[in-house]
Amino acid sequence: MTETAPPVLETEPAAAATLFGDRLDLARSFTNELARRGEELGLIGPLELPRLWTRHILNSAVVAPLLEERGRVADVGSGAGLPGLVLAITRPDVHLTLIEPMERRVDWLTSEASRLGLDNVEVVRARAEDVADDIVVDQVTARAVSALSKLIPLTVPLVRSGGQLILMKGARVEDEMEKARKVILRKRLADVEVLELGVGVVEETTRVFRATVD
C-alpha cells in the first residue's frame with residue numbers, strides 16, 4: 001500500500017516581495033516556523049501547507065495599507081498570528097495588541113513576536129469582551145472569528161470614536177451584512193463598505209468589512 005506523501009510548503013509567490021518589501025525575510029521566517037510547528041500546536045490544519053502563503057500569509061498582508069500611520073490596532077482572536085503578526089511585520093510603525101484567550105496560542109504569539117524582534121507587538125490573554133474597559137484603539141482587525149452579527153458587538157467597544165472596524169470575511173460577506181443589519185444600526189456604524197483587496201496582486205483576493213465607529 002502506497003503511503004501518502006506529507007504536505008509540502010507552498011512555494012513563495014512572487015507577490016510576497018511586493019507586499020513585504022524589505023520585511024520579506026521576516027515574513028519568510030514566520031511562514032517557515034508556522035509551517036514547521038503550526039499543525040503540532042493546533043494553529044493550522046494538516047492540509048494548509050500547500051496554500052499557506054496564498055491563503056493565509058498574503059491574505060493577511062494585503063490588509064496592511066488600511067492601517068492608520070503610527071496607529072494603534074487590536075487584533076481580536078489572533079490565533080496563529082493571522083493577521084496580527086503578519087500586519088506587525090508589514091507595518092512596523094503600527095502598534096498591534098493581539099487579543100487571544102487560549103494559552104497555547106498566546107505562548108506561540110509571544111514567542112514569535114520575541115523571536116522576530118517585533119517590538120510593536122503586545123500579546124494579551126483575554127476575550128475581547130473582557131478587556132473593553134482597558135483597551136482603546138484606532139482600529140480593530142479580526143479574521144475567521146465569527147459572523148458579523150456576533151463579531152461587531154465584540155469589537156466596537158475596543159475602538160475610539162471615529163475609529164474603524166477592519167474585519168476579514170469570506171465570499172458570503174454580503175449575506176453576513178444583511179443578517180447583521182440590525183446590529184449595524186444599533187451600534188451606529190457609519191461608512192459601511194466591503195472592500196476586495198489584492199486584486200491583480202495576489203491569486204486569492206481578500207474581502208474586508210470596514211466601518212467607522214461613532
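The structure is a predicted model, in which local features need pLDDT of at least 70, side-chain atom pairs count only at pLDDT 80 or more, and totals for chains, interfaces and linings use all residues. Residues are numbered from 1 along each chain as its sequence is written, and side-chain values use heavy atoms, with hydrogens and water left out.

**The aromatic pair**

A pair of aromatic rings is described by the distance of the centres and the angle of the planes. How many aromatic pairs does the structure hold? There is 1. Rings of Phe, Tyr and Trp (its six-membered ring) pair if their centres lie within 6.5 Å; planes under 30 degrees apart count as stacked, over 60 as edge-to-face and the rest as tilted. The centres of the Phe 30 and Trp 108 rings are 6.2 Å apart and the planes meet at 40°, so this pair is tilted. Phe 30 belongs to helix α2 (residues 24–37) and Trp 108 to helix α5 (residues 103–115), so the pair links distant parts of the chain, 78 residues apart. Helices (H or I, at least four residues) and strands (E, at least two) are DSSP runs, numbered from the N terminus. Both Phe 30 and Trp 108 are buried. Here buried means under 20% relative accessible area, exposed over 50%, and partly exposed in between (1.4 Å probe, protein chains only).

**The two helices around it**

The axes of α2 and α5 are 11 Å apart, and the helices pack at an angle of about 145°. Axes are lines fitted to C-alpha atoms, for helices over the stretch in contact, and angles run from 0 to 180 degrees between N-to-C directions. On the α2 side, Ser 29, Phe 30, Glu 33, Leu 34 and Arg 37 meet Trp 108, Glu 112 and Arg 115 of α5. Contact means heavy atoms within 4.5 Å.

**Glu 10 and Ser 78**

Are these two residues buried or exposed? Glu 10 counts as buried because its relative accessibility is 16%, and Ser 78 is buried too, with a relative accessible area of 2%. Glu 10 sits in the segment before α1 (15–20). The C-alpha atoms of Glu 10 and Pro 50 are separated by 4.3 Å, although these residues are 40 apart along the chain. Leaving aside neighbours within four places in sequence, Glu 10 is in contact with residues including Leu 49, Arg 51 and Trp 53.

Ser 78 is in the loop between β1 and α4. Not counting residues up to four places away in sequence, Ser 78 touches Leu 98, Ile 99, Glu 100 and Leu 109.

Each of these residues also has a side-chain polar contact, listed below. A polar contact is a pair of N or O atoms within 3.5 Å; within protein, one must be able to donate a hydrogen and the other to accept it, and residues adjacent in sequence count only if both atoms are side-chain atoms.

| Side chains | Polar contact |
|---|---|
| Glu 10 and Thr 54 | 2.2 Å |
| Ser 78 and Asp 75 | 2.8 Å |

**Backbone details in the loops**

Which residues does a cis peptide bond join? Leu 82 and Pro 83, with omega about 10°. Pro 83 lies in the loop between β1 (72–76) and α4 (84–90).

Arg 70, in the loop between α3 (52–61) and β1, has phi near 55°, a positive value in a residue other than glycine. Arg 70 counts as exposed because its relative accessibility is 62%.
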